[in-house]
Amino acid sequence: MAKRIDVTDLDVFYGSFKAVEGVTFSVEPRSVTALIGPSGCGKSTVLRTLNRMHEVIPGAYAEGTVLLDGEDIYGADIDPVNVRRTIGMVFQRPNPFPTMSIKENVLAGLKLDGKKRPKSELEGIVEKSLRGANLWEEVKDRLDRPGAGLSGGQQQRLCIARAIAVEPQVLLMDEPCSALDPISTLAIEDLIEELKERFTIVIVTHNMQQAARVSETTAFFNLAGVGKPGKLVEIASTEMMFSNPTQQATEDYISGRFG
Amino acid sequence: MSTTLEPPGAAAPATGTPDIRGAAVRRGDRVFVGLSRGAGILILVTMAAIAVFLIWKSIPSLQANTANFFTTSEWSPDAKPVVFGIAALLFGTLMTALIAMLLAVPVGIGIALFIAHYASRRLASTLGFVTDLLAAVPSIIFGMWGIQFLTPQLQGFLQWLTTYFGWIPIFQNDLGIYTRSILIAGIVLAIMVLPTISAISREVFVQTPRTHIEAALALGATRWEMVRMAIFPFARPGMISASMLGLGRALGETIAVALLLSATYEINWHITEPGGITFAANIALKWNEAGTIGLSALVASGLVLFVITLAVNMGARLIIARRSEFSGAN
């Protein structure tokens with residue numbers, strides 16, 4: 001179910017602007033890896049290269065290799081559409097489809113592969129995904145109501161349910177709690193704890209306590225300088241990073257001296 | 001606009017807390033409320049005045065009419081006995097507008113989609129500019145172009161259509177003449193309403209929130225699946241409004257249709273044959289030669305056109321409102 005990711009010498013460009021340079025790291029299957037760093041350091045950009053979402057921005061491209069269980073997702077015969085079906089993504093702002101009901105939102109990804117599924121199977125997937133996102137008990141009586149009518153935290157969990165309904169190998173989360181209140185944030189963090197049993201998770205967060213709480217591995221990104229590309233400063237076990245980082249910049253950032 | 005709690009001109013207390021008592025006099029607010037309320041009422045009054053005028057002026061002819069106003073396909077209001085009815089006008093109006101919509105809606109939405117989400121920025125701005133220019137061409141130009149250029153150009157195609165698809169009744173042509181037909185009028189109308197539909201649809205398409213588009217793409221949607229999943233649902237009310245505005249123009253278009261059609265009062269389903277007329281074109285063609293009852297009869301037909309356009313717009317609003325809960329506006 002879950003796969004590992006190996007990133008080697010990744011450079012990411014927006015047109016002629018090099019946003020990220022020389023990033024190399026690995027993500028173990030069934031683990032949570034947190035990407036932290038100051039704004040604009042390229043951590044979201046790196047996350048989006050992992051399922052080729054960065055290239056939907058005109059002019060953006062990446063160089064280097066990103067291996068998913070040994071297969072390069074930037075290979076010549078790879079369709080980015082299939083990459084995104086394998087590697088799911090949850091965004092900063094909850095983005096359920098406003099015209100769809102809760103149920104339709106969960107099934108949105110499944111509609112894309114063109115397979116006909118019996119109604120009972122679809123209902124099973126809806127329940128399983130919503131249970132997986134800790135949302136089932138709250139919405140089971142109103143599955144046909146619009147997804148946009150839920151609270152922000154519920155909407156975000158709906159988006160997680162939508163992402164896991166297609167059984168991805170990897171789940172990418174781009175600051176999933178930054179638009180949520182502390183209680184909803186806690187609900188999502190608990191959920192991440194459960195999801196890592198089944199999925200490989202990479203999460204971008206601005207919240208260092210969150211990184212410390214949910215992740216096994218933490219990667220610290222920083223800008224090489226003003227106007228220069230972002231780079232990966234240090235990656236280590238979360239425990240190491242927060243107690244005894246090897247780089248001064250990491251320690252400064254974690255202790256709140258900048259960023 | 002002043003939001004002070006004190007009457008204008010009153011001296012502010014030099015020290016201490018400001019006095020919060022006293023009735024608020026916000027002249028700017030009051031003037032603005034009055035203006036906007038007045039503008040709203042003015043629209044209703046204008047609509048009512050038009051309706052009253054049309055009904056009032058059409059009564060004499062409707063009383064003098066010896067034939068059924070709705071089912072008669074003849075227009076002789078100044079003859080004795082008075083005989084006129086809107087059947088042929090209604091048919092011609094709805095048929096030309098239907099043809100225009102069938103052609104213009106898919107093409108217009110296609111153009112809008114291409115400009116908004118497929119074309120490169122440079123091509124998009126050029127294309128957008130050209131379609132906007134098309135909207136600025138006066139209708140008389142379209143009428144002349146339609147009859148002088150498009151009609152001869154279409155002869156071959158229409159003959160081909162009759163030869164191979166003549167077994168479909170509407171493409172049958174027993175006369176062998178392919179000019180001044182409902183179909184040609186419909187095609188010209190389609191070109192005329194195209195910029196309206198594509199400009200408004202484009203505006204709505206580009207407003208689709210980036211988050212919806214990314215949500216679809218991140219699920220593994222192809223470009224076209226993303227369009228159906230994120231853009232069309234978001235833009236649906238806008239596309240309906242765009243089509244309705246186009247339909248309104250197609251229903252009411254006067255001079256181009258008056259030039260293109262040969263004003264025969266018959267319901268002819270063979271849309272490639274000459275003949276047919278619309279409400280607006282008929283009013284334009286007959287107004288100057290009409291007598292007292294004739295003028296009244298033309299106003300009566302105008303009343304029907306007025307009601308049709310109102311009904312079309314209300315229908316569109318109903319369609320939009322039906323699923324407003326899911327519109328994302330909340």
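Reader: Which residues is Ala297(B) in contact with, leaving aside its neighbours within four places in sequence?

Author: In this predicted model, Ala297(B) is in contact with Ser61(B), Trp75(B), Pro77(B) and Phe84(B), once neighbours within four places in sequence are left aside. Ala297(B) itself lies in helix 10 of chain B, which covers residues 292–322.

Reader: Is Ala297(B) buried or exposed?

Author: The cut-off for buried is under 20% relative accessible area. Ala297(B) has 0% relative accessibility, so the residue counts as buried.

Reader: How many residues apart in sequence are Ala297(B) and Ile283(B), and what separates them in space?

Author: They are 14 residues apart in sequence, and their C-alpha atoms are 9.4 Å apart.

Reader: Turning to cysteines, how many disulfides does a search of the whole structure find?

Author: A disulfide requires two cysteine sulfur atoms within 2.5 Å. Over all chains, the search finds zero. Take Cys41(A): the nearest cysteine sulfur belongs to Cys177(A) and is 18 Å away, and Cys41(A) is in no disulfide. For Cys159(A), the nearest cysteine sulfur is again that of Cys177(A), here 12 Å away, and Cys159(A) is in no disulfide either.

Reader: Now the interface. How many residues of chain A are in contact with chain B, and what area is buried between the chains?

Author: On the chain A side 25 residues are in contact with 23 residues of chain B. About 2100 Å² is buried between the two chains, and carbon and sulfur atoms give 64% of that area. Within chain A, the residues that lose the most area to chain B are Phe97(A), Thr99(A) and Leu112(A), which together account for 29% of what that side buries.

Reader: What is the count of salt bridges between chain A and chain B, and of residue pairs in polar contact?

Author: There are two salt bridges between the chains. Arg85(A) forms a salt bridge with Glu225(B), with the closest N and O atoms 3.3 Å apart.

Reader: Which elements give two or more residues to the side of chain A that touches chain B?

Author: These are helix 2 (80–86) and strand 6 (87–90) of chain A. Helix 2 of chain A gives the most, with three residues. By class, that side of chain A has 15 nonpolar, four polar and six charged residues.

How values were computed. Residues numbered from 1 in each chain as written. Chains lettered and ligands numbered in written order. Predicted model: local features only at pLDDT ≥ 70, side-chain atom pairs only at ≥ 80, totals over all residues. Heavy atoms only, no water. Helix = DSSP H or I, 4+ residues; strand = E, 2+ residues; numbered from the N terminus. Buried < 20%, exposed > 50% of the residue type's maximum accessible area, 1.4 Å probe, protein only. Contact = heavy atoms within 4.5 Å. Buried area = accessible area lost by both parts, 1.4 Å probe. Salt bridge = Lys/Arg side-chain N within 4 Å of Asp/Glu carboxyl O. Nonpolar A, V, L, I, M, F, W, Y, C, P; charged D, E, K, R; others polar.
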